Amino acid sequence: MSAPWHLQRMAALDFESSDKDPETARIVSCALILVGGGLPTDTRTWLINPGIKQEPGAIAVHKLTDEHLAEHGAPAEQAIGEITKSVSEVVASETPLVGHNLGSYDLNLLDREIRRHLGDTLEGVCRAPLTRVIDTMVCDKHAAPYRRRVSETQGPYQMRTTAETYGLPWVEEQAHGAEYDALQSARAAYRIGVIAHTRPEDRPEWVQRLRNRRGPYDRFNDLAFVDVEELHRRQIGWARDDAASYQSWLRNAQKAGDKHDPNAVIDGTWPLRPVGGEA
């Protein structure tokens, strides 16, 4: 019998990019880190010249200027080819891909870059559908729902909030680099798995306080004693339900306030969305 999913080898994946929309963004840095499973950590990183000007907001986050990337980055087609080869090898080895917001952003970003530079798709180059993805944002939202914003600038399920919720240290000066964020996502996945596989009465106090009008939540149980493929299948449903809930909230003028949009459409397809799909 194999070890629980959180104790197995994982391939943590993270990108920094030129803007927030995976349909138009270009990858400017990447980290793919094989970690856990009782084996040495294997870190692979890329710095990429995307060949386009980045959005100022993106540069403000990752600090990789157009000039720096032009001087030090590899040509986009070359780097995307190398990244694609490494990711496809991970998928072929049946090592799960792990990341934060991996299915809503990073994998779609990579798929679009593969289409743009290689004339194929992510699943096409992998020669198989993706069936072993662990998205810590999806898992965290399901297991510990309805968290409030930490502050005006820190959302309830962004990488920093998830890391700190599960007791991980956070160094803001290192954050928003692909390598740091990838490792933090793998560590968060491990911490989420530990709680899921701990008896409910022995889970941290903050977990035991999770409740709604019907009583305590026990959603961490949904992540326990399942293999990676089943966890992947469950995340498909959780992501779909979360998107439907958010769409309903946006369409409700009383709840959404100034964010109200009566025609809001939120695509809950996970982990790969149709080309041109709305975020």
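This is a predicted model: local features need pLDDT of at least 70, side-chain atom pairs count only at pLDDT 80 or more; totals for chains, interfaces and linings use all residues.
**Helix pair.** Helix α3 covers residues 76–92, and its axis lies 10 Å from that of α4, at an angle of about 125 degrees. The crossing of α3 past α4 is left-handed.

**Contact residues.** Next I listed who makes this contact. From α3 I wrote down A76, E77, I80, G81, I83, T84 and V87. From α4 I wrote down L110, E113, I114, H117 and L118.

**Helix on sheet.** What does α4 lie across? I found α4 (residues 102–118) across β1, β2, β5 and β6. Relative to β1 (10–17), α4 runs at about 70 degrees. The β5 strand in this group is 97–99.

**Sheet.** I then traced the strand order. The sheet is open and has six strands, which I read as β4-β3-β2-β1-β5-β6, with mixed pairing. At the edges I found β4 (74–75) and β6 (133–135), each of which pairs on one side only.

In which sense do β2 and β3 pair? I recorded an antiparallel pairing over six bridges, between residues 27–35 of β2 and residues 42–49 of β3. I also looked up the bridge partner of L32 and found R44 in β3.

Key:
Residues are numbered from 1 along each chain as its sequence is written. Side-chain values use heavy atoms; hydrogens and water are left out. Two strands pair if DSSP finds at least two bridges between them. Helices (H or I, at least four residues) and strands (E, at least two) are DSSP runs, numbered from the N terminus. Contact means heavy atoms within 4.5 Å. Axes are lines fitted to C-alpha atoms, for helices over the stretch in contact, and angles run from 0 to 180 degrees between N-to-C directions. A crossing is left-handed if the near helix is turned anticlockwise from the far one by less than a right angle, and right-handed if clockwise.
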